Amino acid sequence: MEKKPIMVVRSSMPPYEEFIEEIKDLWESRHLTHQGPKYHLLAEKLKEYLGVKEISMFANGHLALELAIEAMGLTGEVITTPYTFASTTQAIVRNGLTPVFCDIREDDYTMDVSKIESLITDKTSAIMPVHVYGNVCDVYAIEKIAKKHNLKVIYDAAHVFGVEVDGIPVGNFGDMTMFSFHATKVYHTVEGGGLVFSDPKYQTKLAQLRQFGMQGQESVPIVGTNAKMTEMHAAMGLCNLRHIDEEIAKRKKAAERYLQRLGGVKGIQLCYPKDNVKGNYAYFPVVFDGYKYNRDEVSDLLAKENIFARKYFYPLTSDFEAYQGKFPIQETPIARRIANSVLTLPLYADLTVEEVDRICDIILQ
């Protein structure tokens, strides 16, 4: 009998009855969007959980990132990483700015801070690092560089919901941090995203930008877009937030089993938790470098058994056809090597230890 498919990710869902109960009052109020009661309640609860001063929420994380750049008035060049999802680079380019690609570290695939300063020019206005797979960038070094060169810092934190560094919630680093609330993330609102920051001056600008640039009903002082989070999405967020700690605990069990089974195997490179980081076990990346099977062969072996891993991230965003000939593309050899060798294995709250063993048995056969 064919075994059930195991996908690389699977959305966490609250109990059905809990979600129905949460949305019942919407049939009475008919307040479905435009920052209603559920939006505001979720904002307060997320500020508390994430340990941040301010939050502004949006229809999705990508629009949040685009509007963060616009709200901060960035110009010229933004130093970022090509080892990320399409959204990061596209948010920069769609704002009319030029991405400058910095290479990554060998061990955790975050931006290599030792290579940032050589990329700074008189056109550089910001650094946009990416916390990858739940791994946190060297936030202290980035802060030092940014202050030295008077640059803004916007973190793409799509993968690090709930993560802390030295007991400090990750959203407290940089000028702004973007969290994705997409359905496949550790925490989700089905679709959604948020910007967290400490300076309250951004609240009004972001509120205008996400609602067509409007200020009240009759004044439109800036050009904006439609990036509002609905009450339905906020309701899902409220439900999922009640269960987030238990969901992360389940992910941890699966991730630890992978580390037990695959750790120390020649040709298999893993990311290990750091002592000063409270993780969220968002993804489980494996780099196959010198193993008896290459990345593509492992992916094929798993697929034959109805197990679907993902080449995440591949290709590098700097290789996208859309950017060729538009601006200089920096060489990032470490990012290229990792992108050509990485495979993220299935990891989600409902993944059992037995299923992890099944996956590892195939890889180690």
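Arg-210 lies over the face of Phe-58, at 5.7 Å from the ring centre. A charge is counted as sitting over a ring if NZ of Lys or CZ of Arg is within 6 Å of the ring centre and within 35 degrees of the ring normal. Arg-295 is likewise placed over the face of Tyr-314, at 5.0 Å from the ring centre. The model is a predicted one, in which local features need pLDDT of at least 70 and side-chain atom pairs count only at pLDDT 80 or more, while totals for chains, interfaces and linings use all residues. Residues are numbered from 1 along each chain as its sequence is written, and side-chain values use heavy atoms, with hydrogens and water left out.

Aromatic rings also meet one another. A pair of aromatic rings is described by the distance of the centres and the angle of the planes. Rings of Phe, Tyr and Trp (its six-membered ring) pair if their centres lie within 6.5 Å; planes under 30 degrees apart count as stacked, over 60 as edge-to-face and the rest as tilted. The whole structure contains 21 aromatic pairs. One of them joins Phe-181 and Tyr-187 edge-to-face, with 5.3 Å centre to centre and 85° between the planes. Both Phe-181 and Tyr-187 are buried, a word that denotes under 20% relative accessible area, with exposed meaning over 50% and partly exposed in between (1.4 Å probe, protein chains only). Elsewhere, ring pairs link Tyr-83, Tyr-109, Tyr-133, Tyr-283, Tyr-312 and Phe-313 into a cluster.

The chain as a whole can now be considered. The chain has twelve helices and 13 strands; helices (H or I, at least four residues) and strands (E, at least two) are DSSP runs, numbered from the N terminus. With 365 residues, a compact globule would have a radius of gyration near 21 Å, and the value of 21 Å for the chain agrees with this. That radius is taken over C-alpha atoms, and the globule rule is 2.2 Å times the number of residues to the power 0.38. The C-alpha trace spans about 65 × 55 × 40 Å along its principal axes, and 54% of the 365 residues count as buried. Among contacts (heavy atoms within 4.5 Å) with a separation of 6 or more, residues 24 or more positions apart account for 71%.

Several strands are arranged in sheets, where two strands pair if DSSP finds at least two bridges between them. Seven strands form an open sheet of mixed pairing, in the order S1-S9-S8-S5-S4-S2-S3. Strand S1 (54-58) and strand S3 (98-101) stand at the edges with a single partner strand each, so one side of each is left without a neighbour in the sheet. From one strand to the next, the twist averages 25°. Within this sheet, strand S2 (residues 77-80) and strand S4 (residues 124-127) pair in the parallel sense over three bridges, and Glu-77 stands opposite Thr-124 in S4.

Helix H3 (residues 37-50) touches S1, strand S8 (176-180) and strand S9 (193-197), and its direction makes about 130° with that of S1. Helix H4 (residues 61-71) touches S1, strand S5 (152-156), S8 and S9, and its direction makes about 165° with that of S8. For these angles, axes are lines fitted to C-alpha atoms, for helices over the stretch in contact, and angles run from 0 to 180 degrees between N-to-C directions.

A second open sheet has three strands in the order S7-S6-S11, with antiparallel pairing. Its edge strands are strand S7 (168-169) and strand S11 (277-278), each of which pairs on one side only. Two bridges join strand S6 (residues 164-165) to S7, and Val-165 stands opposite Ile-168 in S7.

In a regular strand the side chains alternate between the two faces of the sheet. In strand S13 (residues 342-345), Val-342 and Thr-344 point one way and Leu-343 and Leu-345 the other way, and all are buried. Strand S12 (residues 284-288) runs antiparallel to S13 and is joined to S13 by four bridges.

Finally, two single residues deserve attention. Ser-87 is located in helix H5 (residues 86-94) and counts as buried because its relative accessibility is 13%. Thr-332 lies in the loop between helix H10 (295-304) and helix H11 (333-339), and its 1% relative accessibility means that Thr-332 counts as buried. The C-alpha atoms of Thr-332 and Tyr-83 are separated by 9.3 Å, although these residues are 249 residues apart along the chain.
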